[in-house]
Amino acid sequence: MIIVKDLLKHYEKGLVKALNGVSFTVKKGECVAIVGPSGCGKTTLLNLIGALDVPTDGEILVDGKNIREHRQYNRFRAEMVGFVFQLYHLIPSLTLLENVELPMYSLSLSRKERKGRARELLSEVGLVERMNFYPTHVSGGERQRAAIARALANEPKLVLADEPTGNVDTETGDIILDILTKLCRVRGITMLIATHDKEVTDRADRVIRIRNGLIEELPQ
Ligand SMILES: Nc1ncnc2c1ncn2[C@@H]1O[C@H](COP(=O)(O)OP(=O)(O)OP(=O)(O)O)[C@@H](O)[C@H]1O
Ligand SMILES: [Mg+2]
């Protein structure tokens, strides 16, 4: 599902070497944890795979296609990738339902279909009763669950999660992990989770360790 070859990402004209030649592959439906000390390049890696940023060098293939070949990165993201961030990134002026609907505007759905699907997704993450609330009126865990529902709005093949449990307590983190790992299993979604959370690494199919922009050891 994902092939990463000799990936390099340098910032500030080469002064900051965030990734120094990273290679690995991920199979379809696998749930892989990306771990390593702060600043080792986890977020950078997810941003490159999700085409939020472009590599300095190296290749990334997603579902058999080099992402450089996608002429429109927006389209690639909208069709293939769901993002879950540590700080949720929900739009505060929209209700949870409207937030989940948002990515669906790039599909040709009627208003009714869009609302129906958003409601279904929110009910899958246990939030149907909160769907007309604004993000500031719900808890951190509820926000993150809404963000997961939003990530699934376009039925992505790949979900990229950057410290999805970084801002919630252990119990809420468990609920979020339950939802994410279930998605992998039930929907066959491939998932990469950047994390410092040992719970995540325990539950992942595989762990990739990064240090100083390099893979530290080959996955078990
Ligand atoms: N836009 C940027 N411009 C310059 N340097 C950057 C930029 N983004 C990240 N870096 C640097 O690249 C390196 C890798 O950063 P990255 O955010 O990928 O680390 P991380 O593993 O996600 O860390 P954390 O666990 O703290 O989230 C760091 O040294 C960081 O300072
Ligand atoms: Mg990070």
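A: Start with how residues are sorted. Ala, Val, Leu, Ile, Met, Phe, Trp, Tyr, Cys and Pro count as nonpolar. Asp, Glu, Lys and Arg count as charged, and the others, Gly among them, as polar. By that sorting, the shell around ligand 1 holds four nonpolar, six polar and two charged residues. Bear in mind that this is a predicted model.

Now the names. The residues surrounding ligand 1 are Y11, E12, V16, A18, G36, S38, G39, C40, G41, K42, T43 and T44. Two elements, β2 (16-26) and α1 (42-49), each give at least two residues to this shell. The largest share is three residues, and α1 supplies it.

So look at α1 next. Seven of its eight residues are buried, so α1 is largely enclosed by the rest of the structure. The buried ones are K42, T43, T44, L45, L46, L48 and I49. K42, T43 and T44 also belong to the surroundings of ligand 1.

Follow the chain past the end of α1. Just after this helix comes A51, with a positive phi of about 55°. A51 is a residue other than glycine. Its place is the loop between α1 and β4 (57-62). A51 counts as buried because it has 20 C-beta neighbours inside 10 Å, and the cut-off for buried is 20 or more.

D63 sits in the loop between β4 and β5 (65-66). Its phi is about 55°, and D63 is not a glycine. D63 has 14 other C-beta atoms within 10 Å, so it is partly exposed.

Further along is T95, in the loop between β6 (81-84) and α3. T95 has 20 other C-beta atoms within 10 Å, which means that it is buried. Set aside its neighbours within four places in sequence, and T95 is in contact with M131, N132, F133 and Y134. Compare S110: T95 and S110 are 15 residues apart in sequence and 19 Å apart in space, C-alpha to C-alpha.

Then comes helix α4, residues 111-124. This helix has 14 residues. From first C-alpha to last it reaches 20 Å, close to the 20 Å expected at 1.5 Å a residue. Its buried residues are R114, R117, A118, L121 and L122. They cover an arc of only 135° around the axis, so they lie on the same side of α4. The cover over these buried residues includes α3 (96-101) and α5 (140-151). The face turned away from the buried side carries K112, E113 and G116, which are exposed. Just after α4, G126 takes a positive phi of about 75°.

Last, step back to the whole chain. It has seven helices and 10 strands. Its C-alpha trace spans about 45 × 40 × 35 Å along the principal axes. A compact globule of 220 residues would have a radius of gyration near 17 Å; the chain has 17 Å, so the two agree. Of the 220 residues, 42% count as buried. Take the contacts with a separation of 6 or more: residues 24 or more positions apart account for 70% of them.

Key
Residues numbered from 1 in each chain as written. Chains lettered and ligands numbered in written order. Predicted model: local features only at pLDDT ≥ 70, side-chain atom pairs only at ≥ 80, totals over all residues. Near = placed C-beta within 6 Å. Helix = DSSP H or I, 4+ residues; strand = E, 2+ residues; numbered from the N terminus. Rg over C-alpha atoms; globule rule 2.2 N^0.38 Å. Buried ≥ 20, exposed ≤ 12 C-beta atoms within 10 Å, placed from the backbone. Contact = placed C-beta atoms within 7 Å. Expected span 1.5 Å × (residues − 1). Arc of directions from axis to C-beta.
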